[in-house]
Amino acid sequence: MSRRSLAVPLLALPLLLAGCAGTEAPEAAEPSAATSSAPESSAPDSTSAAPTTPAEAAGTALEVQVAGGQVTGDTGRVPVPLGDRVTVTITSDAADEAHLHGYDVLADLAPGAPAELVFDATIPGVFELELHDAGTVLLTLQVS
Amino acid sequence: MTLLAHGVGSRTDLPIPLGLALYGAGAAILISFAALLLFWRTPRLGGPDGGRPLPGGVQRFVDSAATRRLLQAVALALLVLVVAAAVAGPAETRRNLAPWVLYVTFWVGLVPASLLLGPVWRVVNPLRLLHAVLRPVVRTAPGADRLPALGLWPAAVSLVVFLWFELVFPGRAEPGTVAAFLVGYTVVHTALALWFGEGWFARGDGFEVYSALVARLSPWARRADGRLVARNPLANASATPETPGLAAVVVVLLGSTAFDGLSRTAWWQSGPGAANDSLSGTVGLAGSIALVAALYLVGTRLSGRLAGQPVAVQPARYAASVIPIALGYTVAHYFSLLLLDGQTTWILASNPFGTPGVDLFGTYGNVVDLTAVSPDTIAYVQVGGVVAGHVAGVTLAHERALLSERHARASDQLPLVVVMVLFTVGGLGLLFGF
């Protein structure tokens, strides 16, 4: 218990510092980054969407589709292990912007084109992923 | 824009571990029944005249009109600033100061402030200054005679209105909503104070009554002769006068916090509250308050009947004993919000109007550190708060029973204690997320 509570802030610290400093590849210092995929090939930037990057081999891959205001796929409360690399693929039939609260990562959605939201689940808690314009909650991420 | 259940916020707490929930519930039940058997047999917390007087200098400073008017003027200036920031600041909730000040720093922060310092909002309330300025214009307060009969019922209504805006109204986090609420609250309560006299604030201003209620568990009190004293917080709570409507205020606070917890559960979000609209929220809030009210009325009345006392006076008699339970719920639900999302207020205060280049405190570029408090700490504080509130509640109810009848049988208190156990186990269940 106590070891975990110590480890969490320590792990998160370099990430937060990197996040403050700018958006340039904090992955280099990321201890838990997946090693199976080539480290040189465009590691997804954790603060923006990368519509064409293939999903990481390790980590959690989630998919949601939005059509006519209805959300299908991995909706509802989705548990994610702390520290995991999470990839959410969002396909919407309308232009919008997806926003993950707390982590403050955004993805621009174009009609019909799948967009990816990639981030490391380093902050424990429960977070909503919502569409900014429509106000629809796509899923609720439970990081623990 | 859809936002998390409580007015604003970027995250909610993880469900507490099952083991911790069960330990907490077990402890609450054990302590309650041990208390009935082992507690003192005569009243011992002391009445409204107990306590150690504070130094005269402290009392003169706290009671001086200059201190109060100065603090009220500062609060009024901040109120104007927040409304201006809501209207003229960034349109986006997460960059606008106003929602974070109202829902997090003020509303949640009022609890620790009142717990540590006493009824602070009574001293600082900016509406009291507005009323003092406008009073000479009106001269008489036509409704002053009718005010005492209303008790604290106006405050219960005032709190329900605020809580509906905070927890239910879909546009609750919009800066425009916050501006409209603050202006509306100011106009309505200042006008009512002009009609009913200055006494209105202590009975009808929900924020002031809330602060005074929490302060009942602070170590500071005022004796009947006006002297400020320091005393055991439990003695302080025990000396709470039996005002009509006090039970309603406590029930509203408890029920609304329960609804806030309920609306965070996966069950609510995918079931009855899936629509996330005014209707489901209003029904949920009203239902939660009604359920708490029903349980409380049944528990107190049944206890009164067993003791052979008049049944009608019981709910008012025991209202003060539910204050710590409501406080425990509040700590459990909003502790992490204040410490984590509360950081946003200090970041945005550095540039209230979102003017490019302005950074008054050098904090505008900061990012909220959502890992500042670990999930383990949050879970322990949540369960600890709920269980401590429960123990204090049972203790106060026991003292009240002895005060009403010197040789009260412990078994007469059973129905009320069972209801308190239900509140606590229900509260832990909400934290666990069922």
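**Backbone, sheet and helix packing**

Modeller: Asp104(A) has 16 other C-beta atoms within 10 Å and is therefore partly exposed; a residue is buried with 20 or more such atoms, exposed with 12 or fewer, and partly exposed in between, C-beta atoms being placed from the backbone. This is a predicted model, in which local features need pLDDT of at least 70 and side-chain atom pairs count only at pLDDT 80 or more, while totals for chains, interfaces and linings use all residues. Residues are numbered from 1 along each chain as its sequence is written, and chains are lettered from A and ligands numbered from 1 in the order in which they are written.

Colleague: Is Arg139(B) buried or exposed?

Modeller: Arg139(B) lies in the loop between helix H7 (126-138) and helix H8 (147-150) of chain B; helices (H or I, at least four residues) and strands (E, at least two) are DSSP runs, numbered from the N terminus. Its phi is near 70°, a positive value in a residue other than glycine. Because Arg139(B) has 7 C-beta neighbours inside 10 Å, it counts as exposed.

Colleague: Which strands stand at the edges of the open sheet of four strands in chain A?

Modeller: The order in this sheet is S2-S1-S4-S7 (chain A), with mixed pairing; two strands pair if DSSP finds at least two bridges between them. Each edge strand has a single partner, so one side of it is left without a neighbour in the sheet; the two are strand S2 (70-73) and strand S7 (115-120) of chain A.

Colleague: How is H1(B) oriented relative to H21(B)?

Modeller: The two helices pack with their axes 9 Å apart, at an angle of about 170°; axes are lines fitted to C-alpha atoms over the stretch in contact, and angles run from 0 to 180 degrees between N-to-C directions. Angles under 35 degrees count as roughly parallel, over 145 as roughly antiparallel, 65 to 115 as roughly perpendicular and the rest as oblique. H1(B) is therefore, relative to H21(B), roughly antiparallel.

Colleague: What is the phi of Gly433(B)?

Modeller: Helix H21 (residues 414-432) of chain B has 19 residues. Just after H21(B), Gly433(B) takes a positive phi, of about 80°.

Technical notes
The expected span of a helix is 1.5 Å times one less than its number of residues.
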